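Reader: I have a model open and want to go through its side-chain contacts. Can we take them one by one?

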Amino acid sequence: MVVDETLIMGDCSGVLHAYDVSDPKKDPPELWTVQLEGCIESTPTVFKGKIYVGARGGAFYAIGDE
């Protein structure tokens, strides 16, 4: 999923990644990562400034600033 030129995606190691995709002429640099429990197979979504995603570890996460 891309939000404001940031690609947010999870992997099967349980890591949620964010990449800056603002410049299509270069490889996107990684902005941050968050380690979650279990494989992330669902597509993250953003609502009211938070990222929501589920993982195979059985949890549903809401990630973002208060």
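Reader: Is cysteine 39 buried or exposed?

Author: Cysteine 39 counts as buried, because its relative accessibility is 12%. Buried means under 20% relative accessible area, exposed over 50%, and partly exposed in between, with a 1.4 Å probe and protein chains only. This is a predicted model, where local features need pLDDT of at least 70 and side-chain atom pairs count only at pLDDT 80 or more, while totals for chains, interfaces and linings use all residues. Residues are numbered from 1 along each chain as its sequence is written, and side-chain values use heavy atoms, with hydrogens and water left out.

Reader: What does cysteine 39 form with cysteine 12?

Author: A disulfide, with the sulfur atoms of cysteine 12 and cysteine 39 1.9 Å apart; the cut-off for such a pair of cysteine sulfur atoms is within 2.5 Å. The structure holds one disulfide.

Reader: Which hand does the link have?

Author: The link of cysteine 12 and cysteine 39 is left-handed, at -75° about the S-S bond.

Reader: And cysteine 12, buried or exposed?

Author: Cysteine 12 counts as exposed, at 59% relative accessibility.

Reader: Switching topic. How many aromatic pairs are there?

Author: One aromatic pair, where rings of Phe, Tyr and Trp (its six-membered ring) pair if their centres lie within 6.5 Å, and planes under 30 degrees apart count as stacked, over 60 as edge-to-face and the rest as tilted. The rings of tyrosine 52 and phenylalanine 60 have centres 6.1 Å apart and planes at 20°, so the pair is stacked.

Reader: What is the accessibility of phenylalanine 60?

Author: Phenylalanine 60 has 61% relative accessibility and counts as exposed, whereas tyrosine 52, at 22%, counts as partly exposed.
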